[in-house]
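Have the model open as you read.

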Amino acid sequence: VSTQSTGSSGINAEYGKDYVRLLKYGDSLYRCKQLKRAALGRMMTIIKRQNSSLLYLEQVRQHLGRLPSIDPNTRTLLLFGFPNVGKSSFVNSVTRANVEVQPYAFTTKSLYVGHTDYQYLRWQVIDTPGILDKPLEDRNTIEMQAITALAHLRACVICVLDITEQCGYSLKQQCELFNNIKPLFANKPIIIALNKIDTKRPEDLSAEEKAMLEETFKKDDNHLIIPMSTFTKEGVSEVQNTACDALLAHRIEQKMSGNKVDNIVNRLHVAQPKDGTRAPHIPEAVLAKRAGIKPVEVRKLEREMELELGDDYILDLKKHYDLPNPDDKYDDIPEIWEGHNIADFVDPDILKKLEDLEKEEAMLEEAGVYASDEEDLTEEQMEIREKAGLIRKEKAVIRHKHRLNKHRNRTPVSDRVIMKKQGIKRARSLSRVDPDTAMEIDAKMQTKKSKPGRDISGLRDAKQVKEVKRLKKRSQIKMNQFGRAGEADRHISAKLPKHLFSGKRGAGKTERR
């Protein structure tokens with residue numbers, strides 16, 4: 001596909017060069033346009049020949065988009081085994097993934113990735129489709145995904161076995177599958193997980209099956225065998241932790257065996273104490289508590305005392321004052337006002353004088369000095385006063401209502417009625433009157449007073465109006481001196497903008513220049 005696309009791009013480039021040469025000899029705009037159209041047509045013909053290849057590339061792109069995002073450099077746990085042995089259930093247990101689990105084979109048809117945390121590190125757990133024990137060339141696309149992951153990912157491999165044989169494959173077939181694809185596990189830690197122990201325990205296996213497991217997973221190969229049950233979650237966390245620890249140890253071992261370690265170790269220096277061992281520092285209070293010595297009493301907090309005493313608690317802020325003479329804690333603190341101590345100006349006999357004054361006032365009250373001179377009113381007079389007060393109140397309410405309704409619902413009066421009341425005739429009637437009478441009527445109309453303006457209301461005469469206007473103009477002088485141009489002021493920007501009136505004239509309108 002790449003070869004075909006490269007050849008097509010080369011041919012299209014040649015077409016482009018040829019037609020560019022022809023465009024130089026075009027004698028009209030129409031001829032040039034036709035040459036352009038012919039060049040594009042020939043290029044599209046070449047592209048259409050690659051239609052099948054481009055459709056295949058589109059299918060590949062869509063398939064790659066459906067594949068999970070796998071980071072080959074991060075810490076990875078990779079599961080493999082026969083179909084229906086419990087790989088997807090394990091991924092659902094240790095990660096936040098939601099892989100479909102069904103009681104039939106090949107439920108998982110592609111790679112599924114879940115993520116988990118261990119020792120504050122992010123781990124990816126990959127669930128692979130089930131693998132059958134057959135030659136490599138006979139495996140289908142689904143199985144080849146698992147084989148490819150096992151071969152190319154640096155991960156800790158977890159081989160899941162179904163010791164109950166409910167998956168449809170015997171324990172012997174599962175061991176043979178492990179031996180057949182064992183070359184793919186080179187330089188990778190391997191964990192053997194015996195699943196479904198809730199149905200059948202490893203102790204219940206026959207002697208032949210135990211011997212077969214021991215022979216397949218020899219102790220010399222450091223293959224750890226851990227029983228678990230994805231149904232009851234027994235042993236699941238142990239398998240996860242063991243696999244993670246094994247992968248971390250393997251990664252450290254690989255780094256230590258490399259050439260870069262020597263350069264790093266030479267730059268490291270661990271400081272050691274001169275006197276050999278350094279005992280840990282234990283506080284004296286802890287040592288005293290261990291020895292049984294009674295610790296020093298801790299001072300009670302004010303909050304604790306408040307809870308203990310309840311309503312009898314009084315906050316005393318002076319009891320903890322640190323003074324040379326403890327008797328001075330509760331002395332009055334002098335008040336200073338304008339640099340003088342108020343206590344210096346207080347009469348020492350003020351309290352005695354106050355007491356004498358109160359006694360004198362009491363004697364005056366007993367003698368009737370402050371008694372009222374008004375005569376006591378009889379019940380009839382009191383009743384008359386109350387009624388008079390109610391009458392005055394009612395009159396005030398009536399006056400208030402009258403003021404509110406004074407101008408409400410008043411019928412409009414026409415100009416003819418007003419002129420009739422004032423003795424003024426209409427213009428048509430004036431034409432019939434002799435000139436002397438008309439002048440008198442005109443004078444009456446002119447004598448009608450209009451309401452004065454707000455600027456002269458309250459002023460006595462024209463002289464006072466003139467003085468007020470002069471003072472107003474004078475008060476504005478200072479404000480006008482500090483006046484600045486604002487938003488409301490008219491502003492004219494540059495009458496000849498430079499970007500419109502500089503440089504050479506181009507093709508276009510020149511009416512503004």
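Glu467 has a relative accessible area of 36%, so Glu467 counts as partly exposed. Keep in mind that you're looking at a predicted model. The side chain of Glu467 meets that of Arg470 in a salt bridge, at 2.6 Å from N to O. Arg470 is partly exposed too, because its relative accessible area is 42%. Both residues sit in helix 17, which covers residues 462-481, and they are three residues apart, about one turn of the helix.

The cut-off for calling a salt bridge is a Lys or Arg side-chain nitrogen within 4 Å of a carboxyl oxygen of Asp or Glu. Glu355 has a relative accessible area of 44%, which means that Glu355 is partly exposed.

Now for a pair in another setting: are Glu143 and Arg139 buried or exposed? Both are buried, which means that each has under 20% relative accessible area. The side chains of Glu143 and Arg139 meet in a salt bridge as well, at 3.9 Å from N to O.

Go back to helix 12, which spans residues 350-367 and includes Asp356. Asp356 belongs to a surface patch of negative charge, together with Glu360, Glu361, Glu365 and Glu366. Asp356 counts as partly exposed because its relative accessibility is 42%. Residues can join a patch only with over 30% relative accessible area and no salt bridge, so Asp356, at 42%, clears the area cut-off.

There's a patch of positive charge to find, too. Which residues form the positive surface patch? They are Lys395, Arg399, Arg403 and Lys406. To get your bearings, pick out Arg403 in helix 13, the run of residues 379-404. Arg403 has a relative accessible area of 58%, so Arg403 counts as exposed.

Definitions and conventions: Residues are numbered from 1 along each chain as its sequence is written. This is a predicted model: local features need pLDDT of at least 70, side-chain atom pairs count only at pLDDT 80 or more; totals for chains, interfaces and linings use all residues. Side-chain values use heavy atoms; hydrogens and water are left out. Patches are made of residues with over 30% relative accessible area and no salt bridge: like charges are joined within 9 Å, nonpolar side chains (Val, Leu, Ile, Met, Phe, Trp, Tyr) within 5 Å. Accessible areas come from the Shrake-Rupley method with a 1.4 Å probe; for residues, only the protein chains shown count as cover. Lys and Arg count as positive and Asp and Glu as negative; His and the chain ends are not counted. The place of a charge is taken as NZ of Lys, CZ of Arg, CG of Asp or CD of Glu. Helices (H or I, at least four residues) and strands (E, at least two) are DSSP runs, numbered from the N terminus. Buried means under 20% relative accessible area, exposed over 50%, partly exposed in between (1.4 Å probe, protein chains only).
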